[in-house]
Amino acid sequence: MLDWVPAADRVDLLAAPVAKTAPQTGVELKVAEIDPELSDTAAFCERYGVALEDSANCVIVAGKRGGEVRYAAVMILADDRADVNGVVRRHLDVRKVSFAPQAEAVELTGMEYGGITPIGLPADWPVLVDEKVTQRDFIVIGSGVRRSKLALSGKALVEATGAEVLPIAL
């Protein structure tokens, strides 16, 4: 069973960049402590009884244009696949886009792999949210660390991150 509490009351469960940014989002964020061994989406959903369609994954992608690397966060429901080589690539205006290497994503975000969240990312990174995520009244996302999860509505996620909503799911 998950014990959701206001994130402001448990900043110890947030990665440093998330804890710094969360109060500035203007949205109500809830956090729940979990077993870090169960942070991966499928294991988390099974153990804590959260439907896959109520869980969203954040993937960090990178593409190059004119020698410049462009990073973005892509949010998609856990039971969907992202059109990284179509919608995301065109939106970033790059020739090729791929998932950022794990070590690079961790270093650049200041978050743990498997817990990366769009809240607290570098300000110049776009956050791209699939339109189906915005339709959820309750969505579970990473908290920046593997030992907890955040919950909010899909619309609040867009508001909290200044995200762009796109039809990303395949």
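## Ground rules

Because the model is predicted, local features need pLDDT of at least 70 and side-chain atom pairs count only at pLDDT 80 or more, while totals for chains, interfaces and linings use all residues. Residues are numbered from 1 along each chain as its sequence is written, and side-chain values use heavy atoms, with hydrogens and water left out.

Helices (H or I, at least four residues) and strands (E, at least two) are DSSP runs, numbered from the N terminus. Buried stands for under 20% relative accessible area, exposed for over 50%, and partly exposed for what lies in between (1.4 Å probe, protein chains only). Contact, or touching, means heavy atoms within 4.5 Å.

Let's start with α2, which spans residues 41-48. Which of its residues are buried? They are T41, F44, C45 and Y48. These four lie on the same side of α2, because they cover an arc of only 95° around the axis (the arc is that of the directions from the helix axis to the C-beta atoms). An α-helix has 3.6 residues a turn, so residues three or four places apart point the same way.

On the other side of α2, A42 and E46 are exposed. The packing partners of the buried residues are β3 (56-65), β7 (139-142) and β8 (148-152).

## Helix α6, mostly covered

Helix α6 (154-161) has six of its eight residues buried. These are G154, A156, L157, V158, A160 and T161. Their cover includes β4, β6, α5 (131-134), β7, β8 and β9 (164-166). Just after α6, G162 has a positive phi of about 65°.

## The nonpolar cores

A nonpolar core here is a set of buried Ala, Val, Leu, Ile, Met, Phe, Trp, Tyr and Cys residues joined through side-chain atoms within 4.5 Å. The largest one has 37 residues, and I60, M75, L121, V129, I141, L150 and L152 touch the most other members. At least two residues of this core come from each of β3, β4 (68-77), β6 (127-130), β7, β8 and α6. A second, separate core has 13 residues, including V87, L92, V97 and L166.

Leaving aside residues up to four places away in sequence, I141 touches A56, M75, T117, P118, I119, K149, L150, L152 and L157.

Grid points are joined across faces, edges and corners, and a volume is the space filled by probe spheres set on the points. For classes, Ala, Val, Leu, Ile, Met, Phe, Trp, Tyr, Cys and Pro count as nonpolar, Asp, Glu, Lys and Arg as charged, and the others, Gly among them, as polar.

The largest pocket holds about 400 Å³ of space. Among its 20 lining residues, N57, C58, V59, Y113 and G114 are the closest to its centre. Strand β3 gives the largest share of the lining, five residues. By class, this lining has eleven nonpolar, six polar and three charged residues. The second largest pocket has a volume of about 180 Å³, and its lining includes P118, I119, L121, W125 and A160. That lining has eight nonpolar, four polar and no charged residues.

V140 sits in strand β7 and counts as buried because its relative accessibility is 1%. Not counting residues up to four places away in sequence, V140 touches W4, F44, V50, D54, S55, A56, K149 and L150. V140 and L152 are twelve residues apart in sequence, with 6.8 Å between their C-alpha atoms.

S55 belongs to the loop between α2 and β3, and its 3% relative accessibility makes it buried. A22 lies in the loop between α1 (16-21) and β2 (30-33) and is buried at 11%. Beyond four places in sequence, A22 touches L29 and I119.

How values were computed: On a 1 Å grid over the protein atoms alone, a cavity is a set of points where a 1.4 Å probe fits but cannot get out, and a pocket is an open set with protein on both sides within 12 Å along at least five of seven lines; lining residues have an atom within 4 Å of a point.
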